[in-house]
Amino acid sequence: MKTEILRIDENSLMRAKKIIDGGGLVAFPTETVYGLGANALNQSAVELIFVTKGRPSDNPLIAHVHKDYDISELVTEVPDYAKLLAKAFLPGPLTMVYKSRGVVCPAVSCGLDTLAIRVPSHSGAQAFLKYVGVPIAAPSANISKHVSPVTAQHVYDDLNGKIELILDGGKCSGGIESTVLDCTGEVPCVLRSGLVTRDMVAQVAGECDIYHIVEGQRVRSPGMKYKHYSPRCRTALYSYDDRMKAYDEYREHAARGERVYIMCDDMTAADMADAKILPLGGDENAVASNLYDRLREGERVADIIIAVAPQKQDGVMVGVMNRLTKACG
Ligand code: TXA
Ligand code: MG
C-alpha cells in the first residue's frame, strides 16, 4: 500500500472521508499528538487499528468528535462537574470518560461499559471530524510502545505502507497526549496526566482525584500498565539533582567513541559545557512540546540518550515525567 501525506484541504478531506467510509484508517493531526483514526461505528475498521499498531487488544481507544457534536448520543450520564469542565477546557487536550450508551462498537472500549471522548482543538482535526461526520476512534498514530508522533513524518516513519493517508497539519503544539479524566464518579479522577493538570480540573470542579495503580486490583485505565514511548536506542535517566552524574556518564560514553547525547532543558544544558544536547527548551510547555520530537531525533543520531529530569516536578511536569520515566527509566 502506498502511503500519501497530504495537506488538509477540500481534496484531501474528500479522500479521507472515502477511506473512513470504506472502513480504512486515516492519520490526522491534533493539538497533542497525531491520531490513527477509524469510524468508531464500524467494528472491523476499529479492529484494523489494533492490528496496524500492534496494540494490545485490552487497551481501549478514545472516540474523537467535533465541537458541535452532541455527546449525549454516545454516553448516558454527564455529571454537572463534567459540564463545567467541558465548558472550561473543550475543545482541547482533555479526554473525558463516561458511561457508554453502547452506540460505538464494543472494540473501541474493549468491552468496558465506559467510553472516552475527546474534542480536539486543532483546526485540522476539527475539519476532519466535521467532514467525516462520524465519531472517530483513534489512538496515537505510532507503532505500539514506540514514541508518539508529533509530525506527519513521524507517522510516516512508523506506518509507511500500512495506511493510505496521513493528513498533514504541521507539528503538534502540545506534544504529550491528552489528560484522561474519569467522569463516572462523584469526583473527577485523572487516569493519565497531561496539559490540563489536576489543579486546573480542581479549580473548575472543586475537587479532583488522581489515580494510582494498586497492586492486585483491576487497572482502571488499561493503557497505564503497558511499556510506552520508548525510543529505539539505549537510554538513561537522572534526576535534576544528579545532573552532574549524568554529565560523568556522558563523558564515559563519549570517551569510548559512542554516539551519546544529553536530553535536558535549557537550565541544565547551561551546566553541560561542550556536551551534545537534545534541547527540551525553557519552560514546562516547551518541554512537553519538544519531548517526543527529541526522543525520535535521539534514536536516529544516538547510541544512547542520557535524559536529565527538569527541576520542576508539578503541573504539566507531572505528565512529562510520566512519559520520560516510561521512555528512559
Ligand atoms: O492526545 C491524545 O489523547 C491522543 C490523540 C490522538 O487524541 N490519543 C491517545 O490515544 O493518546 P491512546 O490510545 O494512545 O491513549 C488512550 C488512553 C489509554 O491510556 C487508554 O487506556 C485510555 O486512554 N482509555 C481509553 N478509553 C478508556 C476508558 N473507557 N476507560 C479508561 N481509560 C480509557
Ligand atoms: Mg498511545
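Biologist: Let me start with one residue. Where is Cys 110 found?

Modeller: Good place to begin! Keep in mind that this is a predicted model. Cys 110 sits in the loop between helix H4 (106-109) and S6.

Biologist: What is the phi of Cys 110?

Modeller: Phi is one of the angles to look at along a backbone. Here Cys 110 has a positive phi of about 55 degrees, although it is not a glycine.

Biologist: And which residues does the cis peptide bond join?

Modeller: For a peptide bond, the angle to read is omega. In this chain a cis peptide bond links Leu 90 to Pro 91, with omega at about -5 degrees. To find the spot, go to the loop between helix H3 (80-89) and strand S5 (94-99), where Pro 91 is found.

Biologist: What should I look for in the polar contacts? For instance, how far is an oxygen atom of ligand 1 from an N or O atom in the side chain of Arg 55?

Modeller: Look for pairs of N or O atoms within 3.5 Å. For the side chain of Arg 55, the distance to a ligand 1 oxygen is 2.8 Å. The side chain of Asn 59 has an N or O atom 2.9 Å from an oxygen of ligand 1, and for the side chain of Arg 192 the value is also 2.9 Å.

Biologist: How much of ligand 1 does the protein bury?

Modeller: Compare the ligand alone with the ligand in place. Taken alone, ligand 1 exposes 680 Å², and the protein buries 97% of that.

Biologist: Let's step back to the whole chain. Which domains is it divided into?

Modeller: There is domain 1 (4-210) and domain 2 (234-328). Their centres, taken over C-alpha atoms, are 29 Å apart. The contact takes 23 residues from domain 1 and 16 residues from domain 2.

Biologist: How much area do domain 1 and domain 2 bury between them?

Modeller: About 1400 Å², with 55% of it on carbon and sulfur atoms.

Terms used:
Residues are numbered from 1 along each chain as its sequence is written. Chains are lettered from A and ligands numbered from 1 in the order in which they are written. This is a predicted model: local features need pLDDT of at least 70, side-chain atom pairs count only at pLDDT 80 or more; totals for chains, interfaces and linings use all residues. Side-chain values use heavy atoms; hydrogens and water are left out. A polar contact is a pair of N or O atoms within 3.5 Å; within protein, one must be able to donate a hydrogen and the other to accept it, and residues adjacent in sequence count only if both atoms are side-chain atoms. Accessible areas come from the Shrake-Rupley method with a 1.4 Å probe; for residues, only the protein chains shown count as cover. Domain bounds come from an automatic or database domain assignment. Contact means heavy atoms within 4.5 Å. Buried area is the accessible area (1.4 Å probe) that two parts lose on being put together, summed over both. Helices (H or I, at least four residues) and strands (E, at least two) are DSSP runs, numbered from the N terminus.
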